[in-house]
Amino acid sequence: PVWMVALLVPVRESGSMLPQAALAPRVRRLPVRKWVWVVGAAGQAVATAGMALAAATLDGAAAGGTVLVALAVFSLARALSSIAAKDVLGRTIPAGSRGAVNGLATTLSGGVAITVGLAIHALGGQDVATGPLAALLAAAAVAWVAAGAVYATVTEPAGERATAAAGPWWSRSWGLLRDDAPFRTFVAVRALLLVSALSPPFIVSLAAREGGVGLGALGPFLIASGLAALLGGRLFGSLADRSSRRLMGWGAAASSAVLLGLLLLMPLPGAGSWLYPLAYLLLAFLHVGVRVARKTYVVDMASGDRRTEYVAVSNTAIGVLLLVTGAVSGALGQLATELALAFLAALGLVGAVLSRRLPEAE
């Protein structure tokens, strides 16, 4: 059912962000954090296997409901991995090299995305049988198991076991946002950086409106995302190690410029054949830079348990703001897709200006 399809992205994104501030105090009491990531990987493996089973054996509302439940489990497990990953990265990789690590991982994942995209595109047609999709999901579950096994071998120096903090987690989280001005600015900038994350689906919608985009045409868009990651991973990783603050601001401004250029060029005859794929590729490329930059910035701006708090509270706050921003852009998109894109472009420009108030973290 269509309403279930509409819930996929909010459940995946907000479900992994909203619980992090509540989970962080428990993670902080552990001297070694890599096992939290391994548990999260195991949870994501189980959830993805559940989706594969649903795709292979169910259809209609039964399949949709099962996938949504499995996706909720996936998101909660992803929250654990997200909290732990920044801590382990900060403990094991020195400042000045963390952007390169994020960039290399992004580059490699881009290669995988291109391979999968080519495979889907090779199936052709306007639809893809559930068998290959179930096989892809099963392969993803196996990949999560392998990732957990590899991560378990990371040599992580043990930190001090944090004592239980006074007061409920929501009070401490609000206090951190209220009293820590640089962190509050980072959260605001990160929310405005959603321009590069939320705009690509609207471009696909415009392409579908003009030329029709079925599931069989998913391959080219996935190839574009993979190509952007492949090209941008190492480049943006290096730039983030120089100044993740400037990279965030530049990425937001450039994303807004792409959207404004798209809106200006749309009336040209025959522009849809090249304009939408090009805009999608550019936004995917810029999103790689924004993502690498903000991950590097939050790891470099603090250390120890303060880093854990920053990661968890910022992700929970962004989970809330993602729902709000998504609702507003979605409502505007119901009126006209162009309105939603103009709104997101305006957010990106504000984010680029606000990023100048952030202190350098490197």
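Biologist: How many salt bridges does a search of the whole structure find?

Modeller: The model is a predicted one. Side chains of opposite charge can pair when their charged atoms come close. Searching the whole structure for salt bridges gives a total of 7.

Biologist: Which residue meets the side chain of D87 in a salt bridge?

Modeller: D87 belongs to helix 4 (residues 60-92), and its partner lies in the loop between helix 2 (20-28) and helix 3 (34-57), so the pair ties together parts 54 residues apart in sequence. D87 is buried at 1% relative accessible area. The salt bridge, at 2.6 Å from N to O, is made with R33.

Biologist: Is R33 buried or exposed?

Modeller: The cut-off for buried is under 20% relative accessible area. Because its relative accessibility is 0%, R33 counts as buried.

Biologist: Which residues are linked with E360 in a network of salt bridges?

Modeller: E360 lies in the segment after helix 13, whereas R246 is in helix 10, 114 residues apart; their closest N and O atoms are 3.3 Å apart. A salt bridge with closest N and O atoms 3.1 Å apart also joins E360 to R245. The network therefore links E360 with R245 and R246.

Biologist: To which backbone oxygen does the side chain of S16 reach?

Modeller: S16 is placed in helix 1 (residues 2-17) and is buried, at 4% relative accessibility. At 3.3 Å, its side chain reaches the backbone oxygen of R12.

Conventions. Residues numbered from 1 in each chain as written. Predicted model: local features only at pLDDT ≥ 70, side-chain atom pairs only at ≥ 80, totals over all residues. Heavy atoms only, no water. Helix = DSSP H or I, 4+ residues; strand = E, 2+ residues; numbered from the N terminus. Buried < 20%, exposed > 50% of the residue type's maximum accessible area, 1.4 Å probe, protein only. Polar contact = N/O pair within 3.5 Å; in protein donor to acceptor, adjacent residues only side chain to side chain. Salt bridge = Lys/Arg side-chain N within 4 Å of Asp/Glu carboxyl O.
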